Amino acid sequence: MLPNRPLFIQIPVVDLVSLPPRNALRATLFLKSDELIGPEILSRIKKLRMEGFEFGIVNPSCDTPDEILRNFTSVCFELSRTGITKVLQSIELPSISPKKIWVCDVHIQSQLDKLVATKKVNSFSGPFLTQVEHIKGKTFPIYKIILAELIEKLNNHTSTIRSLADTVERDPNLAFRVIKLTKAVPYHRQFSIPNVQRALEIIGLRDLLKWVTLAMFSSVEGKPDCLTSMALSRAYFCQLLAHEIFPEQQGAFLTGLFSYLPAIFEEDMTSLLESIPLDSQIKDALLAKRGNLGSILKVVCDFEAGRWDILPLAQLEQHGLDADGLRNVYLDSLKQAKELNML
């Protein structure tokens, strides 16, 4: 027993006849309220109190007579039996409020917060520090926050590799996958990867957003693995197609990859892009399939969906790409996506 610490012991009423001497038992003895039946028990409790024993009562009800409650200096409520609402009502009663109040079986933080707010509960016990409380309502994925912050920092020329690494490291799973993706960088075996900062240095700022987004897609729980593969295939398809028809165009890979954002975050594209500061050309492509990137994305989506009759083959042929060439670009994108997925 720790000095100056209260000790609470719950005993059955039948043990009242065989208690050790008071000096050998410095504790508050708790008795269940539903066992306090008959004048003999109350008489025994009063006699023991005169000998110096302290008693507590477990789960008294609003109907427990004051004659009984007067014999107890402490009260214990078991939330698993009484419920938080009834406990909050009971501790306000004039016959209970002045006593030392202990609440056990506290399972979640919200219960603890309500009990603390009353300023009348002296002690708590229960697994409330290790239990998860499920809150209903709209969720805001941590990955969405990370992505928005990362793009904002990349647009800020004063950002450092260390600050970018700090953003990625906010999720350990994402950090691990970013480090793993450095295997896709040429000559990766020449480098040692001790941390996220070193991984970002190897990936390079130009391709950082591409690889972090890809790692993010494979980090979100509850999504099928094939979703990442499909997003990666489309990204490569867009990139390879852009190289054929708009060689100077940047952002095709990200356009294809980000076209899967609604499937990952389960939110419509318009709402997503309001909180993610993407390049305006990529936004126009994703929202309205406008511009060079929008044209590329439309061709890719139509090809994937088998809408052969609306593919702009005449315009593609002006860039030296016929139907067979388009098919080969698609097959190359599948091959590159498969090779990266095997890393």
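S61 sits in the loop that joins β3 (54-58) to α2; helices (H or I, at least four residues) and strands (E, at least two) are DSSP runs numbered from the N terminus. S61 counts as partly exposed because its relative accessibility is 28%; buried means under 20% relative accessible area, exposed over 50%, and partly exposed in between, with a 1.4 Å probe and protein chains only. From S61 to K86 the separation is 25 residues in sequence and 8.9 Å in space, C-alpha to C-alpha.

## Model and chain

This is a predicted model, in which local features need pLDDT of at least 70 and side-chain atom pairs count only at pLDDT 80 or more, while totals for chains, interfaces and linings use all residues. Residues are numbered from 1 along each chain as its sequence is written, and side-chain values use heavy atoms, with hydrogens and water left out.

The chain holds 18 helices and 6 strands. Of its 343 residues, 42% are buried. Contact means heavy atoms within 4.5 Å. Among contacts between residues at least 6 apart in sequence, 58% join residues at least 24 apart.

## I68 in α2

Helix α2 (residues 66-69) contains I68. With a relative accessibility of 13%, I68 counts as buried. Leaving aside residues up to four places away in sequence, I68 touches L36, L42 and I57. I57 is 11 residues from I68 in sequence, and their C-alpha atoms are 9.3 Å apart.

## Two helix pairs

Helix α6 (residues 142-155) and helix α7 (residues 161-168) have axes that come within 9 Å and cross at roughly 170 degrees. Axes are lines fitted to C-alpha atoms, for helices over the stretch in contact, and angles run from 0 to 180 degrees between N-to-C directions. α6 and α7 are therefore roughly antiparallel to each other; angles under 35 degrees count as roughly parallel, over 145 as roughly antiparallel, 65 to 115 as roughly perpendicular and the rest as oblique. On the α6 side, I146, E149, L150, K153 and L154 meet S163, L164 and T167 of α7.

For helix α8 (residues 172-181) and helix α10 (residues 205-217), the axes come within 9 Å and the crossing angle is roughly 125 degrees. That makes α8 oblique to α10. L174, R177, V178 and L181 in α8 meet W211, V212, L214, A215 and M216 in α10.

In helix α15 (residues 280-288), the buried residues are I282, A285 and L286. They cover an arc of only 90 degrees around the axis, which puts them on the same side of α15; the arc is that of the directions from the helix axis to the C-beta atoms. An α-helix has 3.6 residues a turn, so residues three or four places apart point the same way. The cover over these buried residues includes α12 (252-258), α14 (269-275) and α16 (291-304). At the N-terminal end, D279 caps α15, with a side-chain oxygen 2.8 Å from the backbone nitrogen of Q281. K289 follows α15 and has a positive phi, near 55 degrees.

Q249 belongs to the loop between α11 (225-245) and α12. Q249 counts as buried, at 16% relative accessibility. Not counting residues up to four places away in sequence, Q249 touches Q281, N292 and L293. The side chains of Q249 and N292 make a polar contact (3.3 Å), meaning a pair of N or O atoms within 3.5 Å; within protein, one must be able to donate a hydrogen and the other to accept it, and residues adjacent in sequence count only if both atoms are side-chain atoms.
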